[in-house]
Amino acid sequence: MNLPNKLTLLRIILVPVFIVVLMTGHYYSSAAIFVVASLTDMLDGKIARKYDLVTDFGKLMDPLADKLLVMSALICLVQLGDIPGWMAIVILGREFAITGLRTVAASSGVVIAAGWTGKIKTVLQMIAVVLILLRNWPFVYLGIPMDQIVLWAAVVMTIVSGAEYIIKNRHVISTK
């Protein structure tokens, strides 16, 4: 197994660790775990492309690992009362819809690559989660609700990127 795939597996393994640490009230420690897991996402892709280590396993598991990490965080944050449930539903709904679209496309031999809006969406979601876990530090001292601003931006970008995927790939779901 190559290094990018090991990093993807590490991210998956860190998810239950993150959940346990967060749900036992250790916000800062869970933020550190979430950051490490998020950095493996960035790192595995760069290494895979740079050294031509792209594999079918990585193509499938990397985006699933990302979704698992972010979805787990959002569900826990809803349960803890840190984010509204509807925001998590919008984000989770988009992920399921686009994953379904990709599955339908793949069954026809079409690959739907990640676009820039989807990547921006993922980064915003990860930053929002970290800011919420850090209790809006350091912005709390400035009176700026940056955690909420970035969370709202993530929700908007989630909707925009989901619409973009559907519009660009409507041929996949059109009936003939």
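A residue is buried when its relative accessible area is under 20%, exposed when over 50%, and partly exposed in between (1.4 Å probe, protein chains only). By that rule D41 is buried, with a relative accessible area of 15%. This is a predicted model, where local features need pLDDT of at least 70, side-chain atom pairs count only at pLDDT 80 or more, and totals for chains, interfaces and linings use all residues. Residues are numbered from 1 along each chain as its sequence is written, and side-chain values use heavy atoms, leaving out hydrogens and water.

D41 has a partner. R11 forms a salt bridge with it, and the closest N and O atoms are 3.9 Å apart. A salt bridge is a side-chain nitrogen of Lys or Arg within 4 Å of a carboxyl oxygen of Asp or Glu. R11 sits in helix α1 and D41 in helix α2, 30 residues apart. Helices here are DSSP runs (H or I, at least four residues), numbered from the N terminus. R11 is buried too, at 0% relative accessibility.

R11 also meets D44 in a salt bridge (3.2 Å, N to O). R11 lies in α1 and D44 in α2, so this pair ties together parts 33 residues apart in sequence. D44 is buried, at 3%. A network of salt bridges links R11, D41, D44, D62 and D66.

**A bridge between loops**

R135 forms a salt bridge with D82, with the closest N and O atoms 3.2 Å apart. R135 is in the loop between α5 and α6, and D82 in the loop between α3 and α4, so the pair ties together parts 53 residues apart in sequence. R135 is partly exposed at 37%. D82 is buried at 17%.

**The nonpolar core**

A nonpolar core is a set of buried Ala, Val, Leu, Ile, Met, Phe, Trp, Tyr and Cys residues joined through side-chain atoms within 4.5 Å. The largest core has 34 residues, and F34 and L133 touch the most other members. Helix α5 gives the largest share, eight residues.

Which residues is F34 in contact with, leaving aside neighbours within four places in sequence? They are F18, L69, A73, M126, V129, V130 and L133. Contact means heavy atoms within 4.5 Å.

**Helix α5**

Helix α5 covers residues 116–133 and has 18 residues. Of these, 13 are buried. R135 follows α5, and its phi is positive, near 60°.

Notes:
Helix = DSSP H or I, 4+ residues; strand = E, 2+ residues; numbered from the N terminus. Expected span 1.5 Å × (residues − 1).
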